[in-house]
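Please look over the sequence and the structure shown here before reading on.

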Amino acid sequence: MLHAERIKRILLKNKRITEQKWQELFEKAQATETDLISLVTLHHFIEKNELYEFLAQDLGVEFIDLKTTPLDPKTLDLLPLEVMRADKIVVFGFKKPFYQVATVDPDDLQTLDFIRKKLGQDIKIFLTSDEAIASVIEE
C-alpha cells in the first residue's frame, strides 16, 4: 500500500495541503480507519487521478486509469482471482516485450517478482487505484 509519508510529501510539495491540515486528516484517517487517498480527495485537496499521477511520477512508473483503458481479455485471466484480489494487481495487456501490469503498490517487489516468474516474461508496471482494480475483477 502507498505510504502516508509519500502522500504527505507529494501534497506538501505541490502546495495542496498545509502541515496542520495534513495532521488533522492523518489523525482522522487513523481514528476512522479510512484510507488517506479517500480523505484527501473527499476534502477536495486534490483530484484522485491527479494525486495518482503525482504518486506514479514519484514511484517512477506510469499511472493508468483502468476504467478508461481498453483491456485485453486474454491477459486478464493470466493470474488467479485470489492473487488479483489479495495483491490488488491485474495483467491488463501485452505490448512486446512486456506484459502490462496494474497495481496499487508498485513497491511490492515480492508480488511483482512472483508475477514475473508466473508469466515467464518481464512486466511493465503501472500504478492504478483500488477502485479500478476492483472494477476489473468484478467484470
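**Helix packing and nonpolar cores**

Where helix 1 and helix 2 cross, the crossing is right-handed. The contact between them involves Ala4, Ile7, Lys8, Leu11 and Leu12 on the side of helix 1, together with Glu19, Trp22 and Phe26 on the side of helix 2. This is a predicted model, and the points below are grouped by topic.

**Helix 1 with helix 2**
- The two helices, helix 1 and helix 2, pack at an angle of about 150°, and their axes are 11 Å apart.
- Because angles over 145 degrees count as roughly antiparallel, helix 1 and helix 2 are roughly antiparallel to each other.
- Sorted by class, the residues in the contact of helix 1 with helix 2 are six nonpolar, no polar and two charged.

**Helix 1 with helix 4**
- Helix 1, which covers residues 4-13, and helix 4, which covers residues 48-59, have axes that come within 10 Å and cross at roughly 110°.
- That angle makes helix 1 roughly perpendicular to helix 4, and the crossing of helix 1 and helix 4 is right-handed.
- Helix 1 contributes Arg6, Ile7, Arg9, Ile10 and Leu11 to this contact, while helix 4 contributes Leu51, Phe54, Leu55, Asp58 and Leu59.
- By class, seven nonpolar, no polar and three charged residues make up the contact of helix 1 with helix 4.

**Burial in helix 1 and what follows the helix**
- The residues Arg6, Ile7, Lys8, Ile10 and Leu11 of helix 1 are buried, and the buried residues of helix 1 pack against helix 2 (19-32), helix 3 (36-42) and helix 4.
- Helix 1 is followed by Lys15, a residue whose phi is positive, near 55°.

**Nonpolar cores**
- The largest nonpolar core has 24 residues, and those with the most contacts inside it are Leu66, Ile89, Val90, Ile115 and Ile123.
- At least two residues of this core are supplied by each of helix 6 (81-87), strand 2 (89-95), strand 3 (98-103), helix 7 (109-119), strand 4 (123-127) and helix 8 (130-138).
- When its neighbours within four places in sequence are left aside, Ile89 is in contact with residues including Leu79, Val83, Met84, Val101, Ile115 and Ile133.
- A second, separate core of 21 residues includes Ile7, Leu51, Phe54 and Leu127.

- Leu109 lies in helix 7 and is exposed, with a relative accessible area of 57%.
- Between Leu109 and Arg9 there are 22 Å in space, C-alpha to C-alpha, and the two are 100 residues apart in sequence.

Technical notes:
Residues are numbered from 1 along each chain as its sequence is written. This is a predicted model: local features need pLDDT of at least 70, side-chain atom pairs count only at pLDDT 80 or more; totals for chains, interfaces and linings use all residues. Side-chain values use heavy atoms; hydrogens and water are left out. Axes are lines fitted to C-alpha atoms, for helices over the stretch in contact, and angles run from 0 to 180 degrees between N-to-C directions. Helices (H or I, at least four residues) and strands (E, at least two) are DSSP runs, numbered from the N terminus. Angles under 35 degrees count as roughly parallel, over 145 as roughly antiparallel, 65 to 115 as roughly perpendicular and the rest as oblique. A crossing is left-handed if the near helix is turned anticlockwise from the far one by less than a right angle, and right-handed if clockwise. Contact means heavy atoms within 4.5 Å. Ala, Val, Leu, Ile, Met, Phe, Trp, Tyr, Cys and Pro count as nonpolar, Asp, Glu, Lys and Arg as charged, and the others, Gly among them, as polar. A nonpolar core is a set of buried Ala, Val, Leu, Ile, Met, Phe, Trp, Tyr and Cys residues joined through side-chain atoms within 4.5 Å. Buried means under 20% relative accessible area, exposed over 50%, partly exposed in between (1.4 Å probe, protein chains only).
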